[in-house]
Amino acid sequence: GPEDGAKDFELHGMCAEVKARRGAARPQVQVSSEDQLADVADAQVFLVVYDVDAAVKPEGMTLTDHVQVVEDIYRSATMSAYGTWERLLAATGFDWQHDYSDRRWTVGKRAVFRVEEGFPRIPVPVAMGVLNVRYSVALDACAAFVVEDEELLTVFAQTQSVRSTKEG
């Protein structure tokens, strides 16, 4: 994540690691540390995988175009959420003044997996002295852990409900 978190998104009761892969590439994703798919106390962990492919103009969208779509969503959210979006976007190194028009991208299908007991991953903690663990996960080995959109939305709603109750 942009603030050096172990996962890309860490919400109360729910964490997500997001990976992009070329649609025509081997059906696998690269995991760059043992912590990315590690369990988190009192939270459900998900792996979200997007197929992303280079496109030739006029197809696809530039990085700026994709960021603008999300910017528009957050602009209509609360000031707090928008402020967080701006801070995290800046932390990634994205710069509105930079010209990202040399490449265009299309975002294809998305798959979501629940990371739980039996999921193909490196067990944590790793042995003392083992450093900088990087490995690949075969997506076909994750088939038993697929989560449908409705279930993911339910989990998200539950975590936000619990958060609201605790804050209220």
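Modeller: Before we start, one term: a contact means heavy atoms within 4.5 Å. And keep in mind that this is a predicted model.

Colleague: Fine. Which residues is Arg114 in contact with, leaving aside its neighbours within four places in sequence?

Modeller: With that cut-off, the list for Arg114 is Gln44, Val45, Phe46, Phe119, Phe145, Val147, Glu151 and Val155. Arg114 itself lies in strand 5, which runs over residues 104-115.

Colleague: Is Arg114 buried or exposed, and how do you know?

Modeller: The relative accessibility of Arg114 is 13%. Buried means under 20%, so Arg114 counts as buried.

Colleague: Now the rings. How many aromatic pairs are there?

Modeller: The count comes to 4 aromatic pairs. Take Phe94 and Trp96: their ring centres are 5.0 Å apart and their planes are at 90 degrees.

Colleague: What makes Phe94 and Trp96 a pair, and which kind of pair are they?

Modeller: Ring centres have to lie within 6.5 Å, and those of Phe94 and Trp96 are 5.0 Å apart, so they pair. Planes over 60 degrees apart count as edge-to-face; at 90 degrees, this pair is therefore edge-to-face.

Colleague: And what do you call the pair of Phe94 and Tyr100?

Modeller: That one is stacked, because the planes are at 10 degrees and anything under 30 degrees goes by that name. The ring centres of Phe94 and Tyr100 are 5.1 Å apart.

Colleague: Where does each of them stand for accessibility: is Phe94 buried or exposed, and what about Trp96 and Tyr100?

Modeller: Phe94 has a relative accessible area of 11%, so it is buried. Tyr100, at 18%, falls under the 20% limit too, so it counts as buried. Trp96 comes out at 36%, which sits between the 20% and 50% limits, so Trp96 is called partly exposed.

Colleague: I always look for cysteines. How many disulfides are there?

Modeller: The count is 0 disulfides. Cys15 is in none, and the nearest cysteine sulfur, that of Cys142, is 18 Å away.

Colleague: Are Cys15 and Cys142 buried or exposed?

Modeller: Cys15 is buried, with a relative accessible area of 4%. Cys142 is at 0%, so it counts as buried as well.

Colleague: Which element gives the largest share of the lining?

Modeller: Helix 1, with 7 residues. By type, the lining divides into 28 nonpolar, 9 polar and 8 charged residues.

Colleague: Tell me about Phe9. Is Phe9 buried, exposed or partly exposed?

Modeller: Phe9 is found in strand 1. Its relative accessible area is 48%; exposed means over 50%, so Phe9 counts as partly exposed. Not counting residues up to four places away in sequence, Phe9 touches Met14, Cys15, Ala16 and Val18.

Colleague: Which peptide bonds are cis?

Modeller: Among them are the bond from Lys57 to Pro58, with omega near 15 degrees, and the one joining Val124 and Pro125, with omega about 5 degrees. Pro58 is in the loop between strand 4 and helix 1, while Pro125 lies in the loop between strand 5 and strand 6.

Colleague: Last one: what is the phi of Asp42, and what is that of Asn132?

Modeller: Asp42 has a positive phi of about 60 degrees although it is not a glycine. Phi of Asn132 is near 50 degrees, again positive in a residue other than glycine. Asp42 is at 79% relative accessibility, over the 50% limit, so it counts as exposed. Asn132, at 69%, is therefore exposed too.

Conventions: Residues numbered from 1 in each chain as written. Predicted model: local features only at pLDDT ≥ 70, side-chain atom pairs only at ≥ 80, totals over all residues. Heavy atoms only, no water. Phe/Tyr/Trp six-rings, centres within 6.5 Å; stacked < 30°, edge-to-face > 60°. Buried < 20%, exposed > 50% of the residue type's maximum accessible area, 1.4 Å probe, protein only. Helix = DSSP H or I, 4+ residues; strand = E, 2+ residues; numbered from the N terminus. Disulfide = S-S within 2.5 Å. Nonpolar A, V, L, I, M, F, W, Y, C, P; charged D, E, K, R; others polar.
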